[in-house]
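I opened this model to look up what sits inside it and what sits on its surface. My notes follow in the order in which I looked.

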Amino acid sequence: MDPPEFLQTETFDVILMIFVLSALSPAQMPLLLQKTKPFLRKGGLVLFRDYAEDDLAQKRFDTKPLDSKLDKSFYVRKDGTCAYFFTKEFTEELFEQEGFVMEKLDYMEKEVVNKKLDLAMNRRFIQAKFSKK
């Protein structure tokens, strides 16, 4: 899918990718970065947050039938949507191969509590900031 004609190149200072790439197969991820990069100004930032490897959701997938696992760290949900769980190494390589410079890259861990069920769940995300050369 091509972007709308009214969008001009180098018009954005920041592009947010919050739980976007995990919905794509690893083979499609570079293409999305290639298609969005021209719209980012030189020195502009991509702010990225997504699922990290060893997140609770991934652990739940690993207890299900093998047909939900498509590849290493890549799963399909019952509704047909996908989920990829990122490592720092994969994320850095993905963005740097498309010409971005890593500014910051960390795992974020958060305990989510379901008070009704009195259940604590440990979630793990990856968060990064990349700049355009």
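**Entry 1: Leu21 and the cores**

I started from Leu21, which is in contact with Met29, Leu32, Phe48, Asp50, Phe86, Leu94 and Phe95, neighbours within four places in sequence left aside. Contact here means heavy atoms within 4.5 Å. The model is predicted, so I note the limits: local features need pLDDT of at least 70, side-chain atom pairs count only at pLDDT 80 or more, and totals for chains, interfaces and linings use all residues. Residues are numbered from 1 along each chain as its sequence is written, and side-chain values use heavy atoms, with hydrogens and water left out.

Next I looked up the largest nonpolar core, which has 20 residues. A nonpolar core is a set of buried Ala, Val, Leu, Ile, Met, Phe, Trp, Tyr and Cys residues joined through side-chain atoms within 4.5 Å. Buried means under 20% relative accessible area, exposed over 50%, and partly exposed in between, with a 1.4 Å probe and protein chains only. Which members touch the most other members? They are Leu21, Val46, Phe48, Phe86 and Phe95. At least two residues of this core come from each of strand 1 (12-18), helix 1 (29-36), strand 2 (40-51), strand 5 (82-84), helix 3 (88-97), strand 6 (100-114) and strand 7 (119-132). I also found a second, separate core of six residues, among them Tyr51, Tyr75, Ala83 and Phe125. In soluble globular proteins, nonpolar side chains tend to be buried together.

**Entry 2: helix 1 against helix 3**

How do the axes of helix 1 and helix 3 cross? They come within 10 Å and cross at roughly 45°; axes are lines fitted to C-alpha atoms, for helices over the stretch in contact, and angles run from 0 to 180 degrees between N-to-C directions. Helix 1 is therefore oblique to helix 3. Under 35 degrees counts as roughly parallel, over 145 as roughly antiparallel, 65 to 115 as roughly perpendicular, and the rest as oblique. I then listed the residues: Met29, Pro30 and Leu33 in helix 1 meet Phe90, Leu94 and Phe95 in helix 3. By class, this contact of helix 1 with helix 3 has six nonpolar, no polar and no charged residues.

**Entry 3: the whole chain**

I noted three helices and seven strands, where helices (H or I, at least four residues) and strands (E, at least two) are DSSP runs numbered from the N terminus. From the N terminus on, the order is β-α-β-α-β-β-β-α-β-β. The C-alpha trace spans about 50 × 30 × 30 Å along its principal axes. Of the 133 residues, 35% count as buried.

**Entry 4: single residues**

Glu10, in the segment before strand 1, has a positive phi of about 50° although it is not a glycine. Asp54, in the loop between strand 2 and helix 2 (56-62), is not a glycine either, and has a positive phi of about 75°. Glu10 is partly exposed at 45% relative accessible area, and Asp54 is partly exposed at 46%.

Residues up to four places away in sequence not counted, Asp55 touches Phe85, Asn122, Arg123 and Arg124.

Lys115 lies in the loop between strand 6 and strand 7 and is exposed, with a relative accessible area of 74%.

Definitions and conventions. Nonpolar A, V, L, I, M, F, W, Y, C, P; charged D, E, K, R; others polar.
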